[in-house]
Structures are given as structure tokens and as C-alpha cells.
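Subject: Structure handover

Hello,

Here is the structure I said I would pass on. Please open it and keep it beside this email while you read the notes below.

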Amino acid sequence: MQGKIIRGIGGFYYINAGNSIYECKAKGSFRKDGIRPLVGDDCIIDILDEKNRLANITSILPRHSEIIRPAVANVDQAMIIFAISRPEPNFNLLDRFIIQISQKDLPCIIVINKMDLADDDQRREIEEAYVACGCRVVFTSVSNREGVEEIRKLIKGKTTTVAGPSGVGKSSMINLLQSAVKMQTGVLSDKIDRGKHTTRHSELIPIDEDTYILDTPGFSSLNLFDVSTDTLKDYYYEFEDYAAECRFLDCKHISEPDCGVKKAVESGEVSRLRYENYLTLYRECKEKRKY
Ligand SMILES: Nc1nc2c(ncn2[C@@H]2O[C@H](COP(=O)(O)OP(=O)(O)O)[C@@H](O)[C@H]2O)c(=O)[nH]1
Ligand SMILES: [Mg+2]
Ligand SMILES: [Zn+2]
């Protein structure tokens with residue numbers, strides 16, 4: 001039977017297979033081959049005891065991706081959740097999240113939650129700044145269910161890692177996405193009693209067949225140590241078209257003359273908010289590099 005590791009703890013792996021969760025041990029042969037099963041791995045399991053849901057992992061299917069921190073296999077995309085207010089969005093932080101996710105080569109969905117608290121101007125500000133950033137932007141309200149169906153469609157069949165500051169509604173969103181499944185199937189095993197554990201381990205939450213959300217304490221260090229001042233601009237996707245107009249090929253769009261990006265900021269074609277975030281992060285990367 002095939003399943004997916006949704007949690008690994010103390011040498012045991014919990015595998016979601018056919019709407020049940022099996023407690024598994026990895027066969028010794030993995031260690032011999034230097035393979036460490038990861039949360040997110042798709043596995044073939046050999047059932048030892050159906051009643052008690054015990055099984056062995058007999059093989060791990062090839063990974064299509066692997067991220068290091070947190071250690072997870074087969075993540076397809078990331079969802080960054082911010083709130084339109086309460087807490088007020090910190091756009092500098094949002095850009096850091098976007099950069100971190102591009103560093104992991106994951107497509108990114110930006111979710112702006114708590115739209116029930118917003119006015120049209122606040123929505124427009126975000127649309128104008130982020131619609132061109134290379135990420136899809138979705139506006140939601142968990143409170144009145146706005147946009148939740150769209151999120152459901154975007155995550156279907158995928159493993160999505162969720163990030164964002166605290167208080168924006170991440171848990172509320174995950175609970176809402178999950179509760180619909182529970183009501184439909186009513187068979188999610190209670191093998192994992194999440195309430196009892198407050199570990200810092202990564203865990204996949206089954207939402208639907210082949211649909212998982214990664215609830216992780218990861219993405220906690222938001223410093224940009226490993227981004228150089230030369231490459232930071234590459235994470236600002238919307239600069240690219242205008243960079244062709246810069247006089248210098250290696251223009252970093254800071255104080256160089258004849259800069260296509262700065263012109264585009266002046267004319268309103270590139271978001272000033274994004275450009276100013278870029279300048280702030282550029283200075284920060286430059287400072288850090290000195291040490
Ligand atoms: N007004 C409003 N409040 C929300 C919404 N979503 C979540 N909240 C509230 O925001 C608070 C923080 O939510 P929580 O899910 O714990 O945020 P987390 O820290 O990101 O997991 C809770 O009081 C939620 O009820 C929403 O769409 N609108
Ligand atoms: Mg939470
Ligand atoms: Zn330039």
C-alpha cells in the first residue's frame with residue numbers, strides 16, 4: 001500500500017494511507033543505504049497489524065523536491081498568510097518571506113486574510129504593490145468564508161507549506177480547510193493526538209486525498225544572510241522588464257545613472273512600496289556582509 005509520511009517522531013513514522021494513519025518503523029535497510037525518511041515522503045508500506053494500524057516502510061519513492069529547513073520532502077508550493085489589519089501588514093516582512101520561498105524554488109501564493117475588516121483602499125494598496133511580484137495574490141476572510149473556495153482549489157492535490165506572522169489567521173484557515181474534510185469522510189484517525197504534543201516537529205495535515213498542508217515552525221529565521229547585494233534584485237521579479245533599460249548591465253538600481261527600474265518607479269509602473277522595501281533590504285544585506 002502507498003502512503004505519505006505526515007509525521008516523524010522518535011523513530012516512528014506516521015503514514016497516511018487509504019484514509020487511515022499507520023504507525024510505521026523504517027526497515028533497517030534504509031539506514032544501510034543512507035536514506036532517512038522525511039515528512040512528505042511517499043512510501044510503500046507493508047501492513048503488520050491492520051487492527052492496530054501498524055506497518056513497516058518497505059521503500060521510499062523518489063522525491064521530487066527536498067527542503068532543508070524544515071526538513072521536508074515533496075513540498076509543491078508555499079502560502080504566505082498576512083492580515084489586512086489586526087495585525088497591520090508589515091510589507092518588509094512579506095518581502096522577506098517571498099525571498100525565502102524563492103530561495104527554496106517554491107511557487108508562492110500570497111493570502112491576505114481578514115478582508116472583512118478592510119476597505120477598498122487597503123485592498124488596492126496591496127493589489128498595486130503585489131500583483132506584479134510573481135506570486136498569486138488571494139484575498140480571504142476566514143470569518144465570512146470569502147476566498148476560501150479559491151484557496152481550496154489552489155491547494156488541491158498539492159503539499160503546501162504555510163507561513164506568516166502570528167495572529168493573521170493561519171490556524172483558523174487550516175482548521176476551516178480541514179473541517180470540511182472531516183465532515184465529509186469522518187475517518188481521520190485519532191492516532192495522532194495533536195493537542196498533546198507541542199513539539200517543534202514539522203507535520204503534514206491531510207486535507208484531502210493527495211492534499212496536505214505543512215504546519216511548521218520553520219521560516220522562523222528571517223534574516224537574509226545568504227542573499228548577496230548583487231542577487232537581491234533578482235528576487236524582485238517585476239524589476240526584470242525595466243532592468244533592460246538600465247545603462248549598466250550590472251545595475252543594482254540604487255544610485256546608478258540611467259536606471260530603468262528607478263524610472264519605472266517614478267512613472268508608477270513599478271510599485272514604490274516594493275522598491276523601497278528593496279532599498280531597505282539592500283542596505284541590510286550590505287551591512288551584514290561586512291562582518
Ligand atoms: N476579523 C477576522 N478575524 C479573523 C479572521 N481569521 C482569523 N481571525 C481571528 O484572528 C485571531 C488569530 O487567528 P489564528 O488563526 O490563531 O492566527 P495564527 O496565529 O496565524 O494561527 C483569532 O482571534 C481569529 O479568530 C478573519 O478572516 N477575520
Ligand atoms: Mg496558529
Ligand atoms: Zn537600474
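Y278 lies in helix α8. The model is a predicted one, so please read every value below as computed from predicted atoms. Y278 has a relative accessible area of 0% and is therefore buried, since buried means under 20%. Which residues does Y278 contact, once its neighbours within four places in sequence are left aside? They are L232, K233, Y236, F239, K252, H253 and I254. Y278 can also be compared with Y235: the two are 43 residues apart in sequence, and their C-alpha atoms are 9.3 Å apart in space.

N277 is in helix α8 too, which covers residues 272-289. At 9% relative accessibility N277 falls under the 20% limit, so N277 counts as buried. Not counting residues up to four places away in sequence, N277 touches F91, N92, D95, Y130 and Y236.

Helix α2

Is α2 mostly covered or mostly open? It is mostly covered, with ten of its 13 residues buried.

At the start, a side-chain oxygen of N90 comes to within 3.1 Å of the backbone nitrogen of N92. Just after the helix, D105 has a positive phi of about 60°.

The loop between β8 (77-83) and α2 holds P87. The peptide bond from R86 to P87 is cis, and its omega is near 0°.

Helix α3

Q122 is located in helix α3, residues 120-130. Its relative accessible area is 22%, between the limits of 20% and 50%, so Q122 is partly exposed. Leaving aside neighbours within four places in sequence, Q122 is in contact with I84, S85 and L117. Q122 and I84 are 38 residues apart along the chain, while their C-alpha atoms are separated by 7.3 Å.

Ligand 1

Ligand 1 is surrounded by 15 residues, and the closest are D116, V142, S143, G167 and S172. One is 2.9 Å from an N or O atom in the side chain of K114. A polar side-chain atom of S141 is 3.5 Å from an oxygen atom of the ligand, and a polar backbone atom of K170 is 2.8 Å from an oxygen atom of the ligand.

Two positive phi values

N19 is in the loop between β2 (12-17) and β3 (20-26). Its phi is near 70°, a positive value in a residue other than glycine. N74 is in the loop between β7 (72-73) and β8. Its phi is positive as well, at about 65°, although N74 is not a glycine. Are these residues buried or partly exposed? N19, at 45% relative accessibility, counts as partly exposed, whereas N74, at 2%, is buried.

The protein as a whole

The secondary structure comes to eight helices and 13 strands. Of the 291 residues, 46% are buried. Among contacts with a separation of 6 or more, 67% are between residues 24 or more positions apart.

Regards

Note on methods. Residues are numbered from 1 along each chain as its sequence is written. Chains are lettered from A and ligands numbered from 1 in the order in which they are written. This is a predicted model: local features need pLDDT of at least 70, side-chain atom pairs count only at pLDDT 80 or more; totals for chains, interfaces and linings use all residues. Side-chain values use heavy atoms; hydrogens and water are left out. Helices (H or I, at least four residues) and strands (E, at least two) are DSSP runs, numbered from the N terminus. Buried means under 20% relative accessible area, exposed over 50%, partly exposed in between (1.4 Å probe, protein chains only). Contact means heavy atoms within 4.5 Å. A polar contact is a pair of N or O atoms within 3.5 Å; within protein, one must be able to donate a hydrogen and the other to accept it, and residues adjacent in sequence count only if both atoms are side-chain atoms. A residue is near a molecule or strand if one of its heavy atoms lies within 4 Å of it.
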